[in-house]
Amino acid sequence: MVLTEQHSKAPQDPEIRYTITPTKALLFRFSALTFNAHRIHLDEAYTREVEGHPGLLFHGPLSLTLLLRVLSSHLERIGRRIQRIEYRNIAPLFVEQELSICAKVKEPADSTWEAWIEGPHGGLSVRGTVWTEPLSA
């Protein structure tokens, strides 16, 4: 059985939500950039027939890269930057399926953020905690 993102519910009321539908070209370019030629990212027939997934798997590190980029852009506008992050990939994401990168303040006093990525049906695929600091630090 393939675990899908529908098994976990995402947090509610994000302060930040950025939606993207990753393409095969993005996946291919990231695979090339990272020298990751695993067939689950490149060969759709293999991914479906051998691995049992509904489509090409999105890279876990690409999920993190997008999450960091979206959150960094927002934080810069409010005079903060990422100091540290802890995250976990929970369920797979697939190419050509919409995903939403979300975040909200978890503890305003020390600017800790809850960050996550929702799959196409709103389920939780990536979850993390982000600690921030002022840009001048």
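**View 1. K24, E44 and R48 join in a network of salt bridges.** This close-up, like those that follow, comes from a predicted model. Searching the whole structure turns up seven salt bridges. Another of them pairs D43 with R39, whose closest N and O atoms are 3.0 Å apart. Both partners are partly exposed: D43 has a relative accessible area of 24%, and R39 comes in at 46%.

**View 2. A salt bridge links R127 and E114.** Here the closest N and O atoms are 2.7 Å apart. Because R127 belongs to strand 5 and E114 to strand 4, the pair ties together parts that are 13 residues apart in sequence. R127 is partly exposed at 35% relative accessible area, whereas E114 counts as buried at 15%.

View 3. R84 is partly exposed, with a relative accessible area of 40%, and so is E86, at 45%. If you are looking for aromatic pairs, the count is zero.

**View 4. The largest nonpolar core holds 21 residues.** Those touching the most other members are F58, L71, I101, W113 and I117. Helix 1 (24-33), helix 4 (60-77), strand 3 (99-107), strand 4 (112-118) and strand 5 (124-134) each contribute at least two residues. Helix 4 gives the largest share, with six.

**View 5. Take a closer look at the surroundings of I117.** Leaving aside residues up to four places away in sequence, I117 touches S63, L67, L93, L99, S100, I101, G123, L124, S125 and V126.

Terms used. Residues are numbered from 1 along each chain as its sequence is written. This is a predicted model: local features need pLDDT of at least 70, side-chain atom pairs count only at pLDDT 80 or more; totals for chains, interfaces and linings use all residues. Side-chain values use heavy atoms; hydrogens and water are left out. Rings of Phe, Tyr and Trp (its six-membered ring) pair if their centres lie within 6.5 Å; planes under 30 degrees apart count as stacked, over 60 as edge-to-face and the rest as tilted. A nonpolar core is a set of buried Ala, Val, Leu, Ile, Met, Phe, Trp, Tyr and Cys residues joined through side-chain atoms within 4.5 Å. Buried means under 20% relative accessible area, exposed over 50%, partly exposed in between (1.4 Å probe, protein chains only). Helices (H or I, at least four residues) and strands (E, at least two) are DSSP runs, numbered from the N terminus. Contact means heavy atoms within 4.5 Å. A salt bridge is a side-chain nitrogen of Lys or Arg within 4 Å of a carboxyl oxygen of Asp or Glu.
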